[in-house]
Amino acid sequence: MTAESARWPAGAISRRHLRSFDGGVGIECEVQCPDRYAFFEPSGTARHAIPRGAGLSYSAASFGADAVSVEIGAFDRILAFEPAVPIVEVEAGITLGALFRFLAAHRLYLPVQPGHGAISIGGCIAADVHGKNQARDGTFINQVEAIRLFHPDHGMVELSRTQNPDVFHATCGGYGLTGVIVVARLRPRPMTGDAVDITTHIVPDALEGARLLRHLARESDFVYSWHDFTRTGRGFGRGYVVAARFVTTDTASRGSSTSMKVPKLSADSPRVPPISALNRWTMPLLNFAYFQAQRRHSSPRRSTLPQSMFPVQGSESYFRLFGPAGFHEYQVILPHDGFAEFLAGVRREIARKGIAVALASAKLFVGAHDLLRFSGEGICFALNIPRNQRSADFLAALDQMTIGLGGRPNIIKDSRLPRSVLEASFPECDRFRGIVQRWDPSRRFRSELSSRLGL
Amino acid sequence: MTTLIVGASAGVGRALARALAARSHHLTLVARDRRDLDAEAANLRHSFGATVECIAADAASPESLLQALGARLSDGEPIRNLFLPLGISRTDDDGTLSPAAAVPLLNVNLGSVMAVVDTCLPAMMAAGAGNIVGFGSIAAIRGRRTNIVYSAAKRGLESYFESLRHRTATSGVRTQFYRLGYVATQQSFGKKLLLPMARPEWIAEQVVRHLDQDRGLRHLPAFWGIAGALLPLLPWSIYRRLEF
């Protein structure tokens with residue numbers, strides 16, 4: 001305990017160099033790590049701040065040059081649990097992995113969650129992340145019943161679809177700009193099995209992959225595709241669609257869920273090779289080997305729930321292989337009728353700019369778009385490429401294609417995304433700005449992301 | 001097994017609560033803020049199925065702390081284990097603190113610990129069993145120009161636990177005292193320190209693992225024992241020049 005001052009956020013401050021997960025932004029920042037509720041007291045003299053969960057956002061959403069990053073990791077508790085409903089109330093710093101272990105013991109799970117258990121629930125809400133079958137489960141907001149949000153001007157405020165609904169909707173996918181999410185009430189779903197059967201469908205290209213995604217999304221618990229974009233000629237984009245379903249096995253499989261260990265994942269990994277190990281020469285080999293390995297797997301094959309829910313766990317070194325410069329993830333939702341044209345454009349730009357694609361993947365998205373959330377109808381398509389001199393031009397070309405085709409980029413995945421692209425592709429950008437401005441006229445919460453995008 | 005933790009809402013106290021709940025202790029948690037206690041208790045109940053009771057009380061005043069604890073100590077199940085991981089420091093504790101600021105420091109770090117132990121000790125002695133675990137600081141090894149009142153209180157605490165160990169030596173009550181090095185809590189957050197910080201969870205595991213053992217003063221992490229042995233031997237002519 002240290003002496004307190006009246007100005008929010010009060011308490012001990014650490015200066016740290018914070019980095020976006022893709023390595024694109026690094027800033028010397030002030031950080032606070034509160035561990036008591038006394039921290040969340042209204043104050044008329046607040047500094048600029050921004051909440052920070054696990055610090056794993058690809059873009060710099062949880063830090064900024066003139067904002068104190070408020071780490072909420074100490075608020076990681078389960079506050080209430082009503083298995084009959086089912087509802088679980090948690091503090092926002094709890095990780096997906098910890099909550100998964102708890103829920104699995106009660107035969108429940110969150111259908112929408114990203115691929116690594118180290119990510120915080122607060123981060124999932126603030127970025128309104130999607131899971132492995134958006135077409136069936138929607139985005140994270142779909143399983144959020146209510147939020148307790150702290151803002152120094154308002155104190156602790158309850159948000160839901162009926163209480164402060166505008167602020168609720170602007171907080172889910174609001175990138176921390178409405179305040180600190182302290183508590184969330186979530187609706188888990190009963191598990192319909194304790195293991196997963198994974199079926200792999202080989203596809204000749206990404207267009208065929210998209211067709212199969214549309215077909216498989218309705219009947220699968222998880223479904224996504226992977227493609228090799230390092231190949232030339234007819235093999236470009238060959239890959240597979242993964243469709244998975246829960247199956248009931250035995251209690252041994254159940255045990256793997258309740259005892260799941262979450263490997264460390266950090267934007268500041270200490271063991272990064274001095275140069276990128278993923279380049280134009282190694283990438284085709286790695287993609288080829290990965291494709292062949294998947295082809296050799298029996299199909300369907302059985303997997304544990306942790307392996308299927310958190311497929312990135314165990315592959316943390318993948319991100320380190322990009323070297324100290326990091327990487328780009330370009331993720332967009334494209335209208336179905338524009339996907340073929342987009343793929344052709346991507347292929348053209350890859351060839352023209354000599355881009356090495358480490359990963360290409362697609363998912364099916366359905367539903368309406370709202371505010372700044374990564375949602376809407378179409379094919380969600382993602383590329384991972386090394387960050388280098390050519391990558392900026394390549395992504396600028398993709399931006400123009402995305403705008404031209406009526407697509408929408410994922411704000412949380414791209415630390416480079418320019419304001420002009422946001423404004424051209426998010427028609428509700430000004431509505432979001434208006435809600436936040438009315439809620440917080442003095443705009444106490446800001447980050448590098450909000451400054452860059454003018455939010 | 002009923003266990004009382006005073007200072008249970010954060011840092012080592014909170015980690016101890018989790019480690020002990022995982023080992024099926026029935027817990028009574030004491031801390032200043034009811035909100036922190038309720039959140040921790042709820043988590044322990046849901047995560048470990050633990051039986052948890054909470055008492056909100058401020059250790060800055062031993063009298064009000066004992067008053068809040070009164071009903072629990074007189075009517076509840078006898079306390080078998082007593083953990084006292086409470087502490088407070090101030091950045092302006094440089095010899096210029098007013099009595100109004102210094103007294104709460106002395107109370108949280110020393111006075112309230114003694115008050116709780118003195119209240120619980122007769123029943124534990126009568127039962128001939130139990131553990132009393134105190135937590136000091138490496139700041140008590142040798143006084144310096146910062147944390148002046150804090151260090152004095154922690155030094156006093158060491159003396160108190162030394163006496164307590166002697167008092168309980170033949171009673172079946174075990175007294176343990178840990179001189180903690182840097183621990184990753186709010187107290188050390190943001191400070192540039194010479195040596196690495198230990199996680200509260202690690203400290204808690206070490207403490208719980210050695211419960212029921214007769215241990216005198218121990219350093220955690222153990223390498224602080226070197227500083228504990230050498231720093232008092234450093235000649236004054238050298239020590240007075242040190243900036244730390």
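In this predicted model, A:G179 lies in the loop that runs between α4 and β10 (180–186) of chain A. A:G179 counts as buried, because 30 C-beta neighbours fall inside 10 Å and 20 or more are enough for that class. Beyond the neighbours within four places in sequence, A:G179 is in contact with A:L149, A:F150, A:H151 and A:F445. A:P42 is 137 residues away from A:G179 in sequence. In space, the C-alpha atoms of A:G179 and A:P42 are 12 Å apart.

The domain assignment of chain A gives domain 1 (78–191) and domain 2 (195–416). Taken over C-alpha atoms, the centres of domain 1 and domain 2 of chain A are separated by 24 Å. In the contact between them, 26 residues of domain 1 of chain A meet 33 residues of domain 2 of chain A. On the domain 1 side, α1 (96–105), α3 (134–137) and α4 (165–171) of chain A each supply at least two residues. The most comes from α1(A), which gives five residues to this side. By class, the side of domain 1 of chain A that touches domain 2 of chain A holds nine nonpolar, 13 polar and four charged residues.

Helix packing within chain A was examined next. Two packed helices are described by the angle between their axes and the distance between the axes. Helix α5 (residues 206–216) of chain A packs against helix α10 (residues 339–353) of chain A at an angle of about 150°. The axes of α5(A) and α10(A) are 10 Å apart. Angles over 145 degrees count as roughly antiparallel, and α5(A) and α10(A) are therefore roughly antiparallel to each other. The crossing of α5(A) past α10(A) is right-handed. From α5(A), the contact draws on A:A206, A:L207 and A:A210. From α10(A), it draws on A:F339, A:A340 and A:L343. The residues of this contact of α5(A) with α10(A) divide into six nonpolar, no polar and no charged.

Helix α10(A) also packs against helix α11 (residues 391–404) of chain A. Here the angle is about 160°, and the axes are 10 Å apart. That angle makes α10(A) roughly antiparallel to α11(A). The crossing of α10(A) and α11(A) is right-handed. In α10(A), the residues that meet α11(A) are A:F342, A:G345, A:V346, A:E349 and A:K353. Their partners in α11(A) are A:D393, A:F394, A:A397, A:L398 and A:M401. By class, the contact of α10(A) with α11(A) has six nonpolar, one polar and three charged residues.

In chain B, helix α3 (residues 62–75) and helix α4 (residues 99–127) cross at roughly 30°. Their axes come within 10 Å. Angles under 35 degrees count as roughly parallel, and α3(B) and α4(B) are therefore roughly parallel to each other. α3(B) passes α4(B) in a right-handed crossing. The α3(B) residues in the contact are B:P62, B:L65, B:L66, B:L69 and B:L73. These meet B:N107, B:G111, B:S112, B:A115, B:V116, B:T119 and B:C120 in α4(B). The contact of α3(B) with α4(B) comprises eight nonpolar, four polar and no charged residues.

Chain A and chain B also touch each other. Their contact takes 19 residues from chain A and 20 residues from chain B. The side of chain B that touches chain A has five nonpolar, nine polar and six charged residues.

Definitions and conventions: Residues are numbered from 1 along each chain as its sequence is written. Chains are lettered from A and ligands numbered from 1 in the order in which they are written. This is a predicted model: local features need pLDDT of at least 70, side-chain atom pairs count only at pLDDT 80 or more; totals for chains, interfaces and linings use all residues. Two residues are in contact if their C-beta atoms, placed from the backbone, lie within 7 Å. Ala, Val, Leu, Ile, Met, Phe, Trp, Tyr, Cys and Pro count as nonpolar, Asp, Glu, Lys and Arg as charged, and the others, Gly among them, as polar. Axes are lines fitted to C-alpha atoms, for helices over the stretch in contact, and angles run from 0 to 180 degrees between N-to-C directions. Helices (H or I, at least four residues) and strands (E, at least two) are DSSP runs, numbered from the N terminus. Angles under 35 degrees count as roughly parallel, over 145 as roughly antiparallel, 65 to 115 as roughly perpendicular and the rest as oblique. A crossing is left-handed if the near helix is turned anticlockwise from the far one by less than a right angle, and right-handed if clockwise. Domain bounds come from an automatic or database domain assignment. A residue is buried if 20 or more other C-beta atoms lie within 10 Å of its own, exposed if 12 or fewer, and partly exposed in between; C-beta atoms are placed from the backbone.
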